[in-house]
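Hi there,

Here is the structure I promised to pass on to you. Please have a look when you get a moment; my notes follow below it.

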Amino acid sequence: MKCEWVKENILLYVYNELPDDARYELEAHLARCSDCAAELETTRKFHAVLSELPVEDPSPNLVTAARMRLQEGLETAEQDRFWHRLIFEPAAWLRQVRFAPALAAAIFIVGFAGGIGTTYKFLSSTSGVNPVASSSAPAESSITGIQSITQDPGSNHISIKYNTVSTQEAEGSLNDQRIQQLLLFAASNNYNSGVRMDSVDLLTQEPNNTHVREALIYALRYDSNPGVRLKALDGLGACVKSDARVRNALLEALVQDSNPGVRTEALHLLEPVRADSSVRSVLQKLAQNDQNQYIRSEARTMLSQLPEFD
């Protein structure tokens, strides 16, 4: 056993996450290697310090934002790395199976489940049963992603294909609770930015729905795709006068968003409430020193149209 492998897995050893056989070999190595033993002692001290700190539960927004960033990363990651290692580096993954009995069991279970799925699909196709259609939307925790969203031209009929263990499909109008639940899920959790944009675009038709408005605000604040954020702005613009949360979300986008187009649209949507004290304060700051010349000029124009206060 090499020192490099030991140092990579010491943290797992400290947290009791190593399989028994790997733990035994690691302990045998530590008994004869002073450098790795010192590394273990340092890791244990660091773990002890962390254990004394209070642990706070993450907020739902943080969890969802982290999930979205992970999905975006998976979407853009190299897709062939696993297969490259599987084909060209069999010794590497065989070694992982050796030190991880749970992984070997998982591989067996996946293969077994795949056989059952294939048999089920065959039997369904021969009996005339369509396993894709679903009469009711599943629990959100069982949805792995939204595959596509389509709306029939000139109608209120919407079709959504979503993935659980296999691809499912739900159909109905925008007022259908199942459809709304799937659209809300797609707006904040889906890995495909095009599907998120389609979902947000449809949700903008129901801006007075509380859950829809919250989803649009969330998309404006956290979605990594500027096109999705612009769609969210389209749905929130009509509520800027009546909802302070919407106004604050637009101000936040105006000040913090990295996309000039999103900032410009937020600025224009805030024009009806430019007399609001919080909006006026932001406009004054932008008019003085914003790096974007157009936004700086528009802020000055909006301020010039306001009455003077003594």
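Leucine 50 sits in helix H3, which covers residues 34-51. Please keep in mind that this is a predicted model. With a relative accessibility of 38%, leucine 50 is classed as partly exposed, because that class lies between the 20% limit for buried and the 50% limit for exposed. Leu50 also belongs to a nonpolar surface patch, together with Leu11, Tyr15, Phe46 and Leu53. Together, the residues of this patch have about 500 Å² of accessible area.

Next, the aromatic side chains. Searching the whole structure turned up 1 aromatic pair. Its members are tyrosine 218 and tyrosine 222, with ring centres 4.7 Å apart and planes at 45°, so the pair counts as tilted.

Aspartate 243 is in the loop that links helix H11 (226-236) and helix H12 (244-256). The relative accessible area of aspartate 243 is 8%, so this residue is buried. What does the side chain of aspartate 243 make a polar contact with? The partner is the side chain of arginine 213, at 2.8 Å.

Methods:
Residues numbered from 1 in each chain as written. Predicted model: local features only at pLDDT ≥ 70, side-chain atom pairs only at ≥ 80, totals over all residues. Heavy atoms only, no water. Patch = residues over 30% accessible without salt bridge, like charges linked within 9 Å, V, L, I, M, F, W, Y side chains within 5 Å. Areas by Shrake-Rupley, 256 points an atom, 1.4 Å probe, with all protein chains shown as cover. Salt bridge = Lys/Arg side-chain N within 4 Å of Asp/Glu carboxyl O. Helix = DSSP H or I, 4+ residues; strand = E, 2+ residues; numbered from the N terminus. Buried < 20%, exposed > 50% of the residue type's maximum accessible area, 1.4 Å probe, protein only. Polar contact = N/O pair within 3.5 Å; in protein donor to acceptor, adjacent residues only side chain to side chain. Phe/Tyr/Trp six-rings, centres within 6.5 Å; stacked < 30°, edge-to-face > 60°.
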